[in-house]
Amino acid sequence: MLEDLRTLVEVESPSRDLDALRKSAETVAGVLEARLGGRTTLVESGGGPHVRWSGGGTPRVLVLGHHDTVFPLGTLARRPFLVEDGRATGPGVFDMLGGLVQAIHGLAGLEDRSGVEILVTADEEVGSHFSRALIEERALACGAVLVAEGAADGGAVKTGRKGCGTFEVSVTGRASHAGLEPAAGVNALVEAAHQVLDIAALARPEIGTTVTPTVASAGTLDNVVPAQATVVVDVRVESAAEKERVESAFAALAPHLDEAVITVKGSVGRPPMPESAAAGLFAVAQELLPGLEGRAVGGGSDGNFTAALGVPTLDGLGAVGGGAHADHEYLLVGSMAERARLVAGLVDVIRSA
């Protein structure tokens with residue numbers, strides 16, 4: 001497993017870099033064929049190639065992952081793959097190349113791999129816009145989904161996820177000289193400040209809804225009343241009702257300043273993953289690995305899409321470690337074999353049901 005993990009980590013795969021993603025997809029395909037036999041298919045898309053593998057027979061379970069990472073080219077030179085003191089480090093080891101390797105090796109231990117499909121997408125880290133339809137199609141065809149994303153703290157699997165999305169609020173005002181004619185302008189920055197307060201007030205943390213302005217930009221020069229401003233907002237919700245409420249509230253944002261114009265783009269693109277979708281598979285996982293914990297988390301994954309369709313979905317079956325998207329990202333080597341066996345055991349139970 002460490003040999004294959006090194007192979008995948010050392011082929012950098014930043015989202016949206018189509019050349020790098022092609023090389024990464026070909027490398028993932030090579031590992032799949034070497035460990036599981038058969039042939040893989042590269043599914044072309046505007047976000048890079050997705051990788052599909054099938055064990056043949058009637059599809060019963062989909063193992064889902066992604067090979068894109070958040071790290072730009074050159075990260076590997078600064079943070080090379082390393083195994084030391086029981087930890088593997090390097091870009092993407094936890095999110096989520098380690099989980100992908102574990103799943104492959106778990107399946108390699110099964111004599112019969114029929115009914116199993118693996119889908120490794122190229123654009124999960126940037127919203128899965130090019131892979132969502134394929135993910136949903138294969139999830140419905142298979143009827144059960146195991147997501148090899150990294151585990152929650154302490155190795156817990158992920159039994160629920162918040163729906164998440166990004167909104168961009170643009171303000172158009174009117175430029176003027178900040179010293180000579182400030183009143184002749186319509187200050188987009190001042191309007192954006194009003195909007196930030198209105199937007200932040202949409203949060204309902206007591207029921208799990210977070211609405212967080214994260215990036216803002218405005219203005220051109222220090223002596224010009226700004227004519228444009230933009231605010232980017234991260235949204236997380238636990239229910240479909242909150243998704244609808246927040247989306248409606250963004251659509252209804254109104255300007256505070258005369259002649260200012262508000263334009264909103266975005267949505268809660270990943271629907272919430274209800275814990276009910278994971279309940280049956282989580283019970284099986286606890287029988288296979290006594291003491292295993294489950295946890296609902298705030299981050300999203302492609303499991304949000306499959307669970308929203310009503311397909312039984314268990315997430316967080318991948319690497320045990322931490323530091324996703326950060327320089328201190330790590331994987332605990334001692335947990336790899338156990339998690340590989342857990343995936344294999346779940347596949348066996350699902351196919352025998």
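Let's start where helix H4 (residues 93-108) meets helix H10 (residues 336-352): their axes come within 7 Å and cross at roughly 60°. Keep in mind as you look around that this is a predicted model. With that angle, H4 and H10 are oblique to each other, and H4 passes H10 in a right-handed crossing. On the H4 side, the contact is made by Gln 102, Ala 103, Gly 106 and Leu 107. H10 brings Met 336, Arg 339, Ala 340, Val 343, Ala 344 and Val 347. Sort the residues of this contact by class and you get seven nonpolar, two polar and one charged.

Asp 95 and Met 96 are joined by a cis peptide bond, with omega at about -5°, and Met 96 is found in H4.

Now follow the chain out of H4. Leu 110 has its place in the loop between H4 and E6. Is Leu 110 buried or exposed? Its relative accessible area is 10%, and buried means under 20%, so Leu 110 is buried. What does Leu 110 touch, leaving aside residues up to four places away in sequence? The answer is Ala 344, Val 347, Asp 348 and Arg 351. Ala 344 and Val 347 also take part in the contact of H10 with H4. There is a sequence-versus-space point here too: Leu 110 and Arg 341 are 231 residues apart along the chain, and their C-alpha atoms are separated by 9.7 Å.

H10 has another partner to visit, helix H8 (residues 279-288). The axes of H8 and H10 come within 10 Å and cross at roughly 125°. That makes H8 oblique to H10, and the crossing is right-handed. From H8, the contact uses Leu 281, Val 284, Ala 285 and Leu 288. From H10, it uses Leu 342, Gly 345, Leu 346, Val 349 and Ile 350. By class, the contact of H8 with H10 has eight nonpolar residues, one polar and no charged ones.

Next, jump back to the start of the chain. Helix H1 (residues 2-9) and helix H2 (residues 18-36) pack at an angle of about 160°, with their axes 9 Å apart. Angles over 145 degrees count as roughly antiparallel, so that is how H1 runs relative to H2. The crossing of H1 and H2 is right-handed. H1 contributes Glu 3, Asp 4, Thr 7 and Leu 8 to the contact, while H2 contributes Thr 27, Val 28, Val 31 and Arg 35.

The loop between H1 and H2 holds Arg 16. Arg 16 has a positive phi of about 75° although it is not a glycine. Its relative accessible area is 64%, and the cut-off for exposed is over 50%, so Arg 16 counts as exposed.

Compare that with Ser 128, in the loop between E6 and H5. Ser 128 is not a glycine either, and has a positive phi of about 60°. Buried or exposed, then, for Ser 128? At 1% relative accessibility, Ser 128 counts as buried.

Carry on into helix H5 (residues 132-142), whose buried residues are Leu 134, Ile 135, Glu 136, Arg 138, Ala 139 and Cys 142. What do the buried residues of H5 pack against? They pack against strands E1 (40-43), E2 (50-54), E3 (61-66), E6 (116-121) and E7 (145-147), and against helix H9 (303-308). After H5 comes Gly 143, with a positive phi near 90°.

How many disulfides does the model have? With sulfur atoms required to be within 2.5 Å, the count comes to zero.

Finish at Asp 153, in the loop between E7 and strand E8 (157-161). Asp 153 has a relative accessible area of 61%, so Asp 153 is exposed. Asp 153 and Gly 185 are 32 residues apart along the chain, and their C-alpha atoms are separated by 51 Å.

Note on methods. Residues are numbered from 1 along each chain as its sequence is written. This is a predicted model: local features need pLDDT of at least 70, side-chain atom pairs count only at pLDDT 80 or more; totals for chains, interfaces and linings use all residues. Side-chain values use heavy atoms; hydrogens and water are left out. Axes are lines fitted to C-alpha atoms, for helices over the stretch in contact, and angles run from 0 to 180 degrees between N-to-C directions. Helices (H or I, at least four residues) and strands (E, at least two) are DSSP runs, numbered from the N terminus. Angles under 35 degrees count as roughly parallel, over 145 as roughly antiparallel, 65 to 115 as roughly perpendicular and the rest as oblique. A crossing is left-handed if the near helix is turned anticlockwise from the far one by less than a right angle, and right-handed if clockwise. Contact means heavy atoms within 4.5 Å. Ala, Val, Leu, Ile, Met, Phe, Trp, Tyr, Cys and Pro count as nonpolar, Asp, Glu, Lys and Arg as charged, and the others, Gly among them, as polar. Buried means under 20% relative accessible area, exposed over 50%, partly exposed in between (1.4 Å probe, protein chains only).
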